Amino acid sequence: MSRRSDGNRAHARQQGDYRPSAAGAGDAVERRGPGGGQLGPLVRADGSREQGMVPPAEFRSYYGRQILKTPAWEDKIAYYFFAGGLSGGSALLAAGADLTGRPALRRGARVGGLAALAAGTYFLIADLGRPERFYRMLRVAKPTSPMSMGTWMLAGYGPAIGLAAAAELVPKRWQGTVPGRLVRVLARPAGLAAAALAPGVASYGAVLLSQTAVPAWNAAHEEMPFIFTASSAASAGGLGMIVAPVSEAAPARRLATYGAVVELAASQRLERRMGVVGEVYGTGPAARYLQRASAFTAAGVLGSVLLGRRSRIAAAASGLALLAGGLFERLGLLHAGIQSTEDPKYVVEPQRRRIAEHGPTRTH
Amino acid sequence: MADHHRVYGPETDPAGDSGYGPDHPPRKGFFTDTSICIGCKACEVACKQWNDVPDDGFDLLGMSYDNTGALGASTWRHVAFIEQPAAPQPEPVDLGMPGMRPPGAATGPEGREQFRWLMSSDVCKHCTHAGCLDVCPTGALFRTEFGTVVVQQDICNGCGYCVSGCPYGVIQRREGDGRAWKCTLCYDRLKDGLEPACAHACPTKSIQFGDLDELRERAGARVEQLHEQGVTEARLYGADPDDGVGGNGAFFLLLDEPEVYGFPPDPVVPTRDIRRMWTFAGLAAAALTAVAAAVFGGQG
């Protein structure tokens with residue numbers, strides 16, 4: 001159905017209250033304060049208006065129906081953001097491992113980075129309404145569209161990480177052939193090119209989500225890029241701890257620790273700073289995903305710090321926990337945005353507050 | 001990429017700044033005067049018929065005479081019905097014997113239940129700074145020579161970005177089709193010098209089509225007229241070229257706050273903050289690069 005998720009809360013709230021000047025219009029309507037809580041009746045039974053210290057942030061809507069459309073994106077887009085971030089972080093780790101002589105870490109991060117990118121690309125295309133038209137993204141390069149910018153970054157990043165990973169996958173008997181040697185020679189420049197584009201690949205998704213009218217994403221534009229890149233670092237560090245022996249994995253452990261700490265801190269700041277829209281990060285599926293994200297990320301980083309140097313098995317388990325944390329983080333952010341479109345108060349209340357504090361938005 | 005193409009700020013000629021020559025037609029739009037809308041829904045029907053918009057479901061929403069609900073992929077005009085009741089009368093009324101007179105006639109006007117209906121035909125706003133158009137990664141959404149915003153259905157790949165780029169909740173991906181759809185302001189009719197189907201069908205001229213400059217003047221005069229008549233709650237919505245989307249190509253005269261009609265009270269095109277957003281992303285990316293380099297610096 002085209003209206004599958006238009007909030008139909010016809011009976012949940014009464015819409016606008018029109019009061020003719022005649023006395024006796026004494027129905028008490030619900031008034032909602034900036035925090036969304038009920039502050040008591042706006043109009044008393046005798047019709048007199050309540051005098052408050054704060055100008056009333058009266059919440060009205062069209063029969064409680066949602067104003068914005070629910071985002072078209074499903075969980076697949078969260079899988080993509082996770083896989084793309086993992087790939088980008090891995091490309092950075094692979095380049096460092098290449099330059100510092102850590103062959104196992106380099107090999108695992110390159111191949112893992114390519115596999116993550118391949119999976120991410122699948123989810124990205126599968127989430128289109130017309131997947132067979134995915135190449136239409138390459139018709140234009142449009143600076144105002146973060147999705148267009150991301151597409152072109154991926155168009156450069158994909159072949160680079162692909163070439164670097166291919167060098168790791170050339171079978172022994174082909175290594176002496178001309179193509180085999182060429183791939184091995186090009187592996188390092190390709191890996192460095194991938195690493196140069198990787199921070200963009202890991203962070204543009206945050207701009208993509210924030211440059212929307214979706215309240216929970218738009219208002220989070222300061223923290224979201226840090227959550228994205230930190231989460232990529234944590235995930236890539238986790239992957240490095242899985243694929244490389246303990247003796248080579250020290251940079252992976254450090255990257256994971258940085259990522260986890262920044263991710264947890266940025267998430268905390270986000271939820272505190274957001275006002276009424278912040279509610280969505282603490283309710284429904286978003287809250288469940290984000291709680292799991294924090295739990296897995298914290299467990300992963302603790303395991304890594306305490307046991308990561310001693311046991312390969314403990315390191316791999318910590319790495320898996322970090323990967324799970326990264327995936328839940330993206331699912332949580334996706335659902336927070338979806339939830340913030342489903343109740344008109346997340347549109348009306350922040351805008352009314354803005355009008356009350358600064359007047360209506362003006363271009364100049 | 002033309003430097004003068006603005007994503008935010010003053011913009012008097014969106015078609016010209018999108019690359020149309022100086023002889024492009026003047027910007028077209030709608031002025032929907034809801035004070036004379038009678039809720040007949042002729043606009044909804046005419047739009048469906050002309051544009052061959054498919055069925056959007058037969059849902060009884062149980063809230064008012066509005067069973068359309070909202071704009072969407074298959075609803076390009078939507079008539080809102082707002083019934084604003086007052087309190088039930090404080091004393092019970094003796095119904096007495098059935099009579100010939102209308103209810104309430106015995107007690108006079110002051111004894112009747114007080115309420116009013118607001119009716120309003122909503123449509124795509126064809127923003128000066130259109131969020132849907134800015135974020136579209138395929139170029140399927142484009143600015144026409146009339147300054148309107150239209151989806152090219154042979155290009156759209158259903159990425160869904162426009163759906164979340166719109167601060168009004170207008171454009172939507174159609175289930176089963178996969179592409180994004182919305183009002184075209186009857187681009188085909190405009191090309192042939194006709195007015196859009198909804199405006200043509202409107203029996204009260206609540207929906208007025210024309211050159212945007214002229215419509216804005218007409219709307220300003222109408223508000224003044226209503227204010228003189230004592231309808232002090234009349235106000236324009238989307239007519240101000242200085243608002244968060246640079247003004248709407250389709251704007252409204254309302255008799256209550258915008259949110260009562262399902263409009264956002266202070267919409268802003270998400271592209272406004274594009275530099276700030278990329279700046280934060282750049283900082284985060286730089287931090288990631290620095291950390292990735294630093295983690296290889298230590299022992300082990």
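Me: In which loop of chain A is the place of A:Val170?
Reply: This is a predicted model: local features need pLDDT of at least 70, side-chain atom pairs count only at pLDDT 80 or more, and totals for chains, interfaces and linings use all residues. Residues are numbered from 1 along each chain as its sequence is written, while chains are lettered from A and ligands numbered from 1 in the order in which they are written. Helices (H or I, at least four residues) and strands (E, at least two) are DSSP runs, numbered from the N terminus. A:Val170 lies in the loop between α3 (146-169) and α4 (178-210).

Me: Is A:Val170 buried, exposed or partly exposed?
Reply: Count other C-beta atoms, placed from the backbone, within 10 Å of the residue's own: 20 or more is buried, 12 or fewer is exposed, and in between is partly exposed. A:Val170 has 16 such neighbours, so it counts as partly exposed.

Me: Which residues does A:Val170 touch, not counting those up to four places away in sequence?
Reply: Contact means C-beta atoms, placed from the backbone, within 7 Å. On that basis the partners of A:Val170 are A:Gln175, A:Gly180, A:Val183 and A:Arg184.

Me: At roughly what angle do α8 and α9 of chain A cross?
Reply: Axes are lines fitted to C-alpha atoms, for helices over the stretch in contact, and angles run from 0 to 180 degrees between N-to-C directions. The axes of α8 (284-307) and α9 (312-341) come within 7 Å. Angles under 35 degrees count as roughly parallel, over 145 as roughly antiparallel, 65 to 115 as roughly perpendicular and the rest as oblique, so this pair is roughly antiparallel. The crossing is at roughly 160°.

Me: How many residues of chain B are in contact with chain A, and which helix of chain A gives the most to its side?
Reply: On chain A, 85 residues are in contact with 85 residues of chain B. With eight residues, the helix that gives the most to the chain A side is α4(A).

Me: How many polar residues are in the contact of α6(A) with α8(B)?
Reply: These helices pack at about 25°, with axes 8 Å apart, which means they are roughly parallel. A:Phe226 and A:Phe228 are among the α6(A) residues that meet α8(B), whose residues there include B:Phe280 and B:Leu288. Ala, Val, Leu, Ile, Met, Phe, Trp, Tyr, Cys and Pro count as nonpolar, Asp, Glu, Lys and Arg as charged, and the others, Gly among them, as polar. The contact has 11 nonpolar residues, no charged ones, and polar residues numbering one.

Me: What is the phi of B:Lys41 near?
Reply: Most residues other than glycine have a negative phi. B:Lys41 is in the loop between β1 (28-33) and α2 (42-51) of chain B. With 21 C-beta neighbours inside 10 Å, it counts as buried. Its phi is positive, near 70°.

Me: Is B:Lys205 buried or exposed?
Reply: B:Lys205 also has a positive phi, near 60°. Its loop runs between α6 (197-201) and β8 (207-211) of chain B. With 12 other C-beta atoms within 10 Å, B:Lys205 is exposed.

Notes: Contact = placed C-beta atoms within 7 Å.
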